[in-house]
Amino acid sequence: MTDSSYIFSHRHLLGLADYTADDIRHILDQTDMFREILDRPVPKIPTLRDKTIVNLFYENSTRTRISFELAQKRMGADVVNFSASSSSTKKGESLKDTIQNIESMKIDMVVVRHESPGAAHFLARVIDANIINAGDGAHEHPTQALLDMYSMRQKFGRIKGLKVAIIGDILHSRVVRSNIIGLTKLGAEVVLCGPKTFMPVFIEDMNVRVTYNLEEALAWCDVAMSLRIQLERQEQGLFPSLREYHERFGIKRTHLEKYPDFIVMHPGPVNRGVELESDVADSDRAIILNQVTNGLAVRMAVLYLLSGGSRV
Ligand code: NCD
């Protein structure tokens, strides 16, 4: 819990790098309230009734886009969805021109996903609205890490001292960066595991340990967070084949039996038979669908706090 003198003072959520441990704890505390609202027979509140929000998605998304849109609608906002594939981006319009035109229509908040690292920071400089980063290239994906941390706290009652193994395509993952930043700020221990070619140089400077041995990571951890192989971001030759990747780094039913304590998380979308054996994704040790439900509550909390957060 954050103490009573704490004041949340951010206008944007560009990344967890800009947030303190208290900021993160405060969002997780607020999320409890929204999680409770979602369990009501009518899960709606009028908090964002006077707000107009644009969801600006330049990259594909299922969970994150639907989750933001639902969160906004549950809070009474007017919502506009922009997707690059059906817009004037195809006619060559730049991000800056697009957003300045959208801003002229009087909007309050923008949720942006873009393939370029720094896109959300750029928008925060050129327009006046509150900006939320929903994933910028391989840089950050702060609401995903917040929902992951919330899900861990819900399961274990704490983050401090928790042993979290993050397994897979570390090099291309924005989810891993935001999780490392958030988890280490809250005092968790983080071990990264994956092929050497997927391990960024100097990653140990982020206060994490590295292993190339899956069994070692699974024997040690409370949480095994598996990450998707980002096929759309691969350069040539980083790993031999999906089958071989699964052999060495896929979590299998036999692992669940051998190490009975860890839980399985995944941000989705899961490549079944690659990161996780299908049986593992569906087992009661996996909390993947609960992560999705919590994502909605975390996003409501973030929207609430950035919009000035006084009326629920
Ligand atoms: C992640 C993303 O887009 O970064 N997915 C998500 O937001 N749920 C991870 C991924 O695409 O693998």
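Buried area is the accessible area, taken with a 1.4 Å probe, that two parts lose on being put together, summed over both. The exercises below use a predicted model.

**Exercise 1. The two domains**

Task: State how the chain is divided, and how far apart the C-alpha centres of domain 1 and domain 2 lie.

Solution: 
- Step 1. Domain 1 covers 16-139 + 294-306. Domain 2 covers 142-291.
- Step 2. The C-alpha centres of the two domains lie 25 Å apart.

**Exercise 2. The area between them**

Task: Find the area buried between domain 1 and domain 2, and name the three residues of domain 1 that supply more of that domain's share than any other three.

Solution: 
- Step 1. Count the contacts. 29 residues of domain 1 touch 27 residues of domain 2.
- Step 2. Take the area. About 2,400 Å² is buried between domain 1 and domain 2. Carbon and sulfur atoms give 57% of this area.
- Step 3. Look at the contributors. Leu16, Leu28 and Asn294 supply 29% of the area that domain 1 buries against domain 2, more than any other three residues.

**Exercise 3. Polar links and the side of domain 1**

Task: Count the polar links across the interface, then say which element gives the largest share of the side of domain 1 that touches domain 2.

Solution: 
- Step 1. Three salt bridges cross the interface of domain 1 and domain 2. Between the two domains, 15 residue pairs are in polar contact, both residues being at pLDDT 80 or more.
- Step 2. Five elements each supply at least two residues of the touching side of domain 1: α1 (21-38), α2 (63-74), β3 (109-114), β4 (130-136) and α11 (288-306).
- Step 3. The largest share, nine residues, comes from α1.
- Step 4. Sort this side of domain 1 by residue type. It has twelve nonpolar, eight polar and nine charged residues.

**Exercise 4. Salt bridges of Arg153**

Task: Find how Arg153 pairs with Asp29 and with Asp32.

Solution: 
- Step 1. Side chains of opposite charge can pair when their charged atoms come close.
- Step 2. Arg153 forms a salt bridge with Asp29, with the closest N and O atoms 3.1 Å apart. This pair links distant parts of the chain: Arg153 is in helix α5 (residues 142-156) and Asp29 in helix α1, 124 residues apart.
- Step 3. Asp32 also bridges to Arg153, and here the closest N and O atoms are 3.7 Å apart.
- Step 4. The structure as a whole holds twelve salt bridges.

**Exercise 5. Backbone details**

Task: Describe the peptide bond between Gly268 and Pro269, and the phi of Phe202.

Solution: 
- Step 1. The bond joining Gly268 and Pro269 is cis, with omega about -5 degrees. Pro269 lies in the loop between β9 (263-265) and α10 (278-281).
- Step 2. Phe202 is not a glycine, yet its phi is positive, about 70 degrees. Phe202 sits in the loop between β6 (189-193) and β7 (209-211).

Key
Residues are numbered from 1 along each chain as its sequence is written. Side-chain values use heavy atoms; hydrogens and water are left out. Domain bounds come from an automatic or database domain assignment. Contact means heavy atoms within 4.5 Å. A salt bridge is a side-chain nitrogen of Lys or Arg within 4 Å of a carboxyl oxygen of Asp or Glu. A polar contact is a pair of N or O atoms within 3.5 Å; within protein, one must be able to donate a hydrogen and the other to accept it, and residues adjacent in sequence count only if both atoms are side-chain atoms. Helices (H or I, at least four residues) and strands (E, at least two) are DSSP runs, numbered from the N terminus. Ala, Val, Leu, Ile, Met, Phe, Trp, Tyr, Cys and Pro count as nonpolar, Asp, Glu, Lys and Arg as charged, and the others, Gly among them, as polar.
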